[in-house]
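Here's a quick briefing to read with the model open beside you. Take it one topic at a time and find each residue as you go.

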Amino acid sequence: MTNPKRLIRPLVRELHPYVYGEQPKIKGLIKLNTNENPYPPSPKVLAAVKAAVDGRLRLYPNPTAQPLREKLAKWHGCHADNIIVGNGSDELLALATRAFVEPVPEGRVIRVPNHKKSGTRGARPSETVQYFTPSYSLYPVLADIHGAAKNPVPLKPDFSLPGVVELKRDEIWKFDAALTYVTTPNAPSGRGYQTPELEKLCRAQKGVVILDEAYVDFAEENAMKLALKYPHVIVARTFSKAYSLCFQRVGYLVGHCCLVAALHKIRDSYNVNGLGQIGAVATLGDLKYYRANFKKITATREWLSRELTKLGFRVFPSQANFILVQPLRFTAHEWQHKLRAQQVLVRWFSFPEVKDCLRVTIGAPAEAAALVGAVRRTLHD
Ligand SMILES: *Cc1c(COP(=O)(O)O)cnc(C)c1O
């Protein structure tokens, strides 16, 4: 009998997949672990999606998400050819890895794809996916899936970006890497970056730079203009976090039409589901509703940051809909369990740069207050 394991490519057999945030369906659980928006989509979005649920579900959706791309183009001041929509921005990040990075050829392969042993030794710039650490933990997984080399480079201890001069001096960063991912604002730290520093970095890069702006609506500024100014810069956005649409899976990239056309060539024909397209179009018709939510969330973020600081936590400044906090008395991992026992779910990452911290999504005011209550009880037990 054939061992089915032997039928799987070694690369896939040995792959460490992405680790999802838990999605338990426990009643009364306060879910602050995956950066979902506490507020529902706009009533107009719910109405539009509901109105589309009829016999038309038998039809294929628009293959290029044309109406949505046209609306997005108008919003961002570009052409629909500058935009590709995906099944969440995660799909598009994967497509970019496949379109812009060569896999390391068999024989020269760094055999075991592994977060820790991320060797770029022997890898060429054309085979390299580069990113800062900590940042979105999907990037190394995408490189591994593709068989590309990884070049993880540490941010500064306060999670700020090293300047180009520092990167040159340290000689780890590759200015000729085929693809560089920058999470801005950073996740999981929440640190925001200013457009001039991102621009300096982009100007120094020879390969493609993807500015992953998943959380940018909660920040003071965005870098969209860089995607419209430089042919090698792409901005990634998503409807998931700021626009309360995780369930629908809609994200998009904005960039030079030549790069965008390359991505269109390799995507699935109908990669964005029809109800998702309708929900996203309706979202763009009610931006006012969402802007009010951003205000509420950033206000709760500032309140929660102050309260946890008063209780002795170290709170890192955030431009996102979550905060990274360093708790006291118990380890961060212990805190995660102690909070969970009180029905509050937060995220803990085992990555060395953030293993002493918890990442807490900014929920509704009552959820943030419940977290503060649980922290207080834990400290005074
Ligand atoms: C959530 C997230 C994404 C992906 O969002 P989608 O739901 O796939 O659109 C991309 N980048 C970062 C940094 C994220 O946190």
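**The ligand and its surroundings**

A polar side-chain atom of Arg 249 sits 2.6 Å from an oxygen atom of the ligand. Once the protein wraps up the ligand, 94% of the 390 Å² that the ligand exposes on its own gets buried. Keep in mind that this is a predicted model.

- Tyr 215 has an N or O atom in its side chain that is 2.6 Å from an oxygen atom of the ligand.
- Ser 240 also has a side-chain N or O atom 2.6 Å from an oxygen atom of the ligand.
- The residues around the ligand also include Gly 88, Ser 89, Asp 90, Tyr 136 and Thr 183.

**Two domains**

- The chain splits into domain 1, made of 4-40 + 289-380, and domain 2, which covers 43-287.
- Where the two domains touch, domain 1 puts in 33 residues and domain 2 puts in 39 residues.

**The nonpolar cores**

- The largest nonpolar core holds 84 residues, and Leu 211, Phe 239, Leu 308 and Leu 371 have the most contacts inside it.
- Both domain 1 and domain 2 give residues to this core, so the core lies between them.
- There's also a second, separate core of 27 residues, with Leu 93, Ala 178, Ile 210 and Ile 234 among them.
- Which residues does Leu 371 touch, if you skip its neighbours within four places in sequence? Its contacts are Leu 32, Leu 304, Leu 308, Leu 339, Val 344, Val 346 and Val 360.

**Helix 10**

- Helix 10 runs over residues 274-284, and its buried residues are Gly 276, Gln 277, Gly 279, Ala 280, Ala 282, Thr 283 and Leu 284.
- The cover over those buried residues includes helix 2 (43-51), helix 3 (66-76) and helix 11 (287-310).
- At the start of helix 10, Asn 273 reaches a side-chain oxygen to within 3.1 Å of the backbone nitrogen of Leu 275.

- The side chains of Glu 307 and Lys 310 are joined by a polar contact of 2.9 Å.
- Apart from neighbours within four places in sequence, Glu 307 is in contact with Val 372 and Arg 376.

How values were computed:
Residues numbered from 1 in each chain as written. Predicted model: local features only at pLDDT ≥ 70, side-chain atom pairs only at ≥ 80, totals over all residues. Heavy atoms only, no water. Core = buried A, V, L, I, M, F, W, Y, C linked by side-chain atoms within 4.5 Å. Buried < 20%, exposed > 50% of the residue type's maximum accessible area, 1.4 Å probe, protein only. Domains from an automatic or database assignment. Contact = heavy atoms within 4.5 Å. Helix = DSSP H or I, 4+ residues; strand = E, 2+ residues; numbered from the N terminus. Polar contact = N/O pair within 3.5 Å; in protein donor to acceptor, adjacent residues only side chain to side chain. Near = heavy atom within 4 Å. Areas by Shrake-Rupley, 256 points an atom, 1.4 Å probe, with all protein chains shown as cover.
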